[in-house]
Amino acid sequence: MPTANEFKSGRHFLQIPGPSNVPDRVLRAIDQPTIDHRGPEFAALTLEILDRLKTLFGTRSHVVMYPSSGTGAWEAALVNTLSPGDRVLAFDNGQFATLWCGVAQRLGLEVVFEPGDWREAVDPVAVEQRLREDQNHTIKAVMVVHNETSTGVVSPIAEIRRAIDRSGHPALYLVDTVSSLGSMEFRHDDWGADVTVCGSQKGMMLPPGIGFNAIGEKAIRASETAKMSKAYWDWAPIIKNNEHGFFPYTPSTNLLYGLCESLTMLMEEGLDHVFARHHRLAEATRHAVAGWGLEILCRNPANASDSLTAVIVPDGYDADDIRKIILERFDLSLGVGLGQLAGNVFRIGHLGDLNDLTLAGTLAGVEMGLAIAQVPHEKNGVTAALDYLAQTT
Ligand code: PLP
């Protein structure tokens, strides 16, 4: 039993860049009796979800779901479209780009991993140039993370598509939207992704546990000749079973109740409004960081993420010490610096079920934590954010 000192009243502030806070409506939806996943009620649920997922991904084509994390959905995108020894192109602009390449390598693919800068987006010009150099078309896929969760930098997905097209290269375009979908605009069809990868635990406001692939026609055609071993991840039996609202295995029934509710919430709010809300809260966060006299990791403001902000800690200070103080004193969880950023940044998640006052509380916790940790900063961050929030709607 916790002692009086250890007891925490009030709600924990989970402001990491995913998993995000699960709204009460979604929690209540999940808290229902599990039903027969081969019965008519379940089929209706699946069909309704699949229909709405198409709106969320911006596609008229297929969306498949797995009881998996985002990593499983990464693997699914690769094993369904590629053959052993195929070459894939990626750019080193963050930890998740790096991890996805690691999955590709362990599956036996040859990864062309171009050096990059973790403060920058993937550069469409570099993509075009690299593909033009590959005159024999040995590269079979380009892998890009839309919103790098480790850095808070957004890559221009539609522009990269145009760069691929300009190069005249037939490579597939595989896009990770794990921390952007449902928080920032993304359009699978219009932006020309061939496979879009996602997970349930961020913009979709669900617990972790569902992985997604949105699959365009070109990717479907590639899957018909792709030779990588696959069983559980194979799109074909899932798409076939999904036609009637079923799965070739036992799906995560209760998470699907939650997904149906979270999709209802996103549609009730309206996707344009959801994206505008995230943008405004992200802008307020950036005002706060500027008000503290600190720097965000993303160098080009045009590429700054609307779902998280990575804040650089001044030299000589450890971001993890600051996070620890903030967690212990204010019951607020912030994101850790990942990979080469460990100790140098903390990440403020501002995605999912979030409003002005949740963000204000979060920023207040950060400002107090900076003071307690004696990090040199100006005390204008919260004020700047509140002024911005008060002046904008
Ligand atoms: N891609 C991105 C952009 C992520 O942020 C994450 C996780 O945070 C992943 C992939 C991996 O997803 P998971 O941890 O659910 O396997």
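1. Ground rules. This is a predicted model, where local features need pLDDT of at least 70 and side-chain atom pairs count only at pLDDT 80 or more, while totals for chains, interfaces and linings use all residues. Residues are numbered from 1 along each chain as its sequence is written, and side-chain values use heavy atoms, with hydrogens and water left out.

2. The overall layout. Where they touch, 30 residues come from domain 1 and 29 residues from domain 2, with contact meaning heavy atoms within 4.5 Å.

3. The ligand's surroundings. Which residues surround the ligand? They are Ser69, Gly70, Thr71, Trp74, Phe96, Val145, Asn147, Thr149, Asp176, Val178, Gln201 and Lys202, taking a residue as near if one of its heavy atoms lies within 4 Å. By type, this shell has 4 nonpolar, 6 polar and 2 charged residues. (Ala, Val, Leu, Ile, Met, Phe, Trp, Tyr, Cys and Pro count as nonpolar, Asp, Glu, Lys and Arg as charged, and the others, Gly among them, as polar.) Helix α3 (residues 70–81) gives the largest share of the shell, 3 residues. Helices (H or I, at least four residues) and strands (E, at least two) are DSSP runs, numbered from the N terminus.

4. Have a look at Ser69, Gly70 and Thr71 here. The side chain of Ser69 has an N or O atom 2.6 Å from an oxygen atom of the ligand, and for the side chain of Thr71 the distance to a ligand oxygen atom is 2.5 Å. Gly70 uses its backbone instead, with an N or O atom 2.8 Å from an oxygen atom of the ligand. On its own the ligand has 380 Å² of accessible area, and the protein covers 86% of that (Shrake-Rupley method, 1.4 Å probe).

5. Arg119. You'll find Arg119 in the loop between β4 (110–114) and α5 (124–133). Is this arginine buried or exposed? Arg119 counts as buried because its relative accessibility is 18%, and buried means under 20% relative accessible area, exposed over 50%, partly exposed in between (1.4 Å probe, protein chains only). Its side chain reaches the backbone oxygen of Leu297 at 2.7 Å. Beyond its neighbours within four places in sequence, Arg119 touches Val153, Glu295, Ile296, Leu297, Cys298, Arg299 and Ile312.

6. Thr151. This residue sits in the loop between β6 (147–148) and β7 (153–154), and at 0% relative accessibility Thr151 is buried. The Thr151 side chain comes to 3.2 Å from the backbone nitrogen of Val153. Leaving out neighbours within four places in sequence, contacts of Thr151 include Asn93, Gly94, Trp118, Leu297 and Cys298.

7. Pro67. The loop between β2 (62–66) and α3 holds Pro67, which is partly exposed at 27% relative accessible area. What does Pro67 contact, apart from neighbours within four places in sequence? The partners are Gly209, Tyr232, Tyr249, Thr250, Pro251 and Ser252. Pro67 and Gly199 are 132 residues apart in sequence, with 9.9 Å from C-alpha to C-alpha.

8. Helix α6. Among the buried residues of α6 (residues 157–167) are Ile157, Ala158, Ile160 and Arg161. Their cover includes α5, β5 (139–145) and β8 (172–176). After α6 comes Gly168, with a positive phi near 70 degrees.

9. Backbone spots to check. Most residues other than glycine have a negative phi, and most peptide bonds are trans. Met205 has a positive phi near 65 degrees; Met205 lies in the loop between β9 (195–199) and β10 (211–215) and is buried at 4% relative accessible area. Asp331 also isn't a glycine, yet its phi is positive at about 55 degrees. Asp331 falls in the loop between α11 (319–330) and β13 (332–334), and is buried at 14% relative accessibility. As for the peptide bonds, the one from Gly18 to Pro19 is cis, with omega near -5 degrees. Pro19 itself is in the loop between β1 (13–15) and α1 (24–30).

Notes: A polar contact is a pair of N or O atoms within 3.5 Å; within protein, one must be able to donate a hydrogen and the other to accept it, and residues adjacent in sequence count only if both atoms are side-chain atoms.
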